[in-house]
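Subject: The structure for you to look at

Hello,

Here is the structure I promised to pass on. Please open it alongside this note, and take your time looking around.

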Amino acid sequence: MGNILTIAKRELKAYFGTPIAYVFLAIFVALTGVFTFFIGDFLGRGVADLQPFFQYHPWLYLMLVPAISMRLWAEERKSGTIELLMTLPVTTTEVVIGKWLAGWVFLGLALVLTFPIWITVNVLGDPDNGVIAASYVGSFMVAGAFLAIGACMSALTRNQVIAFVLAAVVCFLFVMGGSGMVLDAAAGVLPDVVVQAIGNMSAMVHFDNIARGTLDVSDLTYFVSLTVFWLFANVLTIELKKAD
Amino acid sequence: MTEMLVLDNLTKRFGPFVAVDGISLEVKPGEVLGFLGPNGAGKSTTMKMAAGFLIPDAGIARICGHDVATDARAAKQHLGYLPEGAPGYSEMTALGMLRFAASIRGLSGAAARTAIDSAIERADLATVANQTIETLSKGFKRRVGLAQAILHDPDVLILDEPTDGLDPNQKHQVRNLIRDMAAQKAIIISTHILEEVDAVCSRAVIIDRGRIVADGTARELKRRAENHNAVVMRVAAGDLDKAKKALAALKGTGRVETVSRGKTGARLRVYPVTTKSIASDVAAALKAKRIHVQELNVEEGRLEDVFRDITSSEAELAEVANG
């Protein structure tokens, strides 16, 4: 546990070692604003909730999480520090979790910085703050799961651009899987069970459930499993091709 | 247990290419083993496997009795490792990196401070401790890597080219550092600077094409040189032929060659048949013939020649074997 925190702390410091972290935070907050007010028509709807704010989060993460995750392993490979890190008395699992945790905390911070919108909606009306809190939790879970995907993709290559693209593609599959477009197309050719399975694999479906205000165990289990699965894949990737 | 580092039949293939082909060696405390070989001979690959970074296709590496593959954490606790090229986290300061390593090594509070201060002092990093690693020169980067490796006073040190990129003063300093630590530790350093072997190593292992081709002290290796114990002397130009004749007649001497010939004097080299010293015999023989010797030197043999001889002949043999 101590090692996980040491690694997470180092990674987190590394994020803030360059201006990129601040740029990222600014872009994230700005984009959530753009989505909420212009695309989600927050003011025009006349409803005191944050649904227009939250519904685009998975789409936002699709681009922004890979930007956070791409350097996690690719940079270690490129600079050779992976050799230093992996010959210290740490296990691969500790490093994988530590790195992921740093990214997750960073994304959590980005999410916290969107608090003005919560205040705004409370000033403008009388929203259900329970739903909003649940949505924040859900959004944070989506970020964590996507980050695990991104970290695993970063472990595959020493090139950060490739890591970014791979992560975006895989995350895209997990977002799109639940969209009407995919499910309708699948319904035409596949049996119901399979279509349902595809829908259940989608982060979007589970996030929408949470964002409606029902923090259901099955939805939380989904995100936890997704995260654990990709972290496990990350450990395997590093174990198998540490030195490549 | 006397051997702190044991490599047993380590083998690594990259596709069809055998990078390391069954290397076995043991390093005892107090030993500084110089790991030599031409580029691509498998030095770094062997060290990566010894440090537990690269998984060998066959064979075992043990550090203080712990298998680096199956008992990695215990093995790594006894190990200080400087990877090839001394990589470092570019955005961290030298001090920050040492703090990170100390924390991972389980050092905290006063123990960590003492260890870090001592490492900074021994690697002479005080002037750059608060500079980020990306701004450091190659020499300082290497010393940060070295400080990180010796931070926890490990039993086994594996240093891949520790003096590469250092200026002569820094090299001298790092060698002193290694010598100072040598008494209780088992140390392996890889290098392609042969003078390093004379300067710090108690033993040298030469590898070529993934195999050990020579293993011994620097003195033992030099004995393999063609001119080991050869005698070079300078005589008056007029005495040259007389001297040659006298030396050829002498028992125990082999080839006699003229190294240089000038107006006033000529230089001769006489090779011994065995590795035994022939200097006194040579001197006596010349004296008996009343040949005045202006200078007389016994050649020790150069490691460089041995190195070139061993590694190139092995390569040629393999070439022949492969048809």
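Predicted model: local features only at pLDDT ≥ 70, side-chain atom pairs only at ≥ 80, totals over all residues.

Chain A is built from 15 helices and zero strands. Its radius of gyration is 19 Å, close to the 18 Å from the globule rule for 244 residues, so chain A is as compact as a globular protein of that length. Along the principal axes, the C-alpha atoms of chain A fill a box of roughly 55 × 45 × 30 Å.

Of the 244 residues in chain A, 52% are buried. The accessible surface of this chain is about 10600 Å², and carbon and sulfur atoms account for 73% of that. If you look at contacts in chain A between residues at least 6 apart in sequence, 75% of them link residues at least 24 apart. As for charges, chain A has 12 positive and 16 negative ones, and their mean positions lie 15 Å apart.

Now to the backbone of chain B. Most residues other than glycine have a negative phi, so two residues are worth a look.

- Asp124(B) is not a glycine, yet has a positive phi of about 55°. You will find Asp124(B) in the loop between α4 (109–122) and α5 (138–150), and with 37% relative accessibility it counts as partly exposed.
- Arg209(B) also has a positive phi, near 50°. Arg209(B) sits in the loop between β9 (203–208) and β10 (211–216), and at 41% relative accessibility it counts as partly exposed.

Enjoy exploring!

Best wishes

Definitions and conventions
Residues numbered from 1 in each chain as written. Chains lettered and ligands numbered in written order. Heavy atoms only, no water. Helix = DSSP H or I, 4+ residues; strand = E, 2+ residues; numbered from the N terminus. Buried < 20%, exposed > 50% of the residue type's maximum accessible area, 1.4 Å probe, protein only. Rg over C-alpha atoms; globule rule 2.2 N^0.38 Å. Contact = heavy atoms within 4.5 Å. Areas by Shrake-Rupley, 256 points an atom, 1.4 Å probe, with all protein chains shown as cover. Lys, Arg positive; Asp, Glu negative; His and termini not counted. Charge placed at Lys NZ, Arg CZ, Asp CG, Glu CD.
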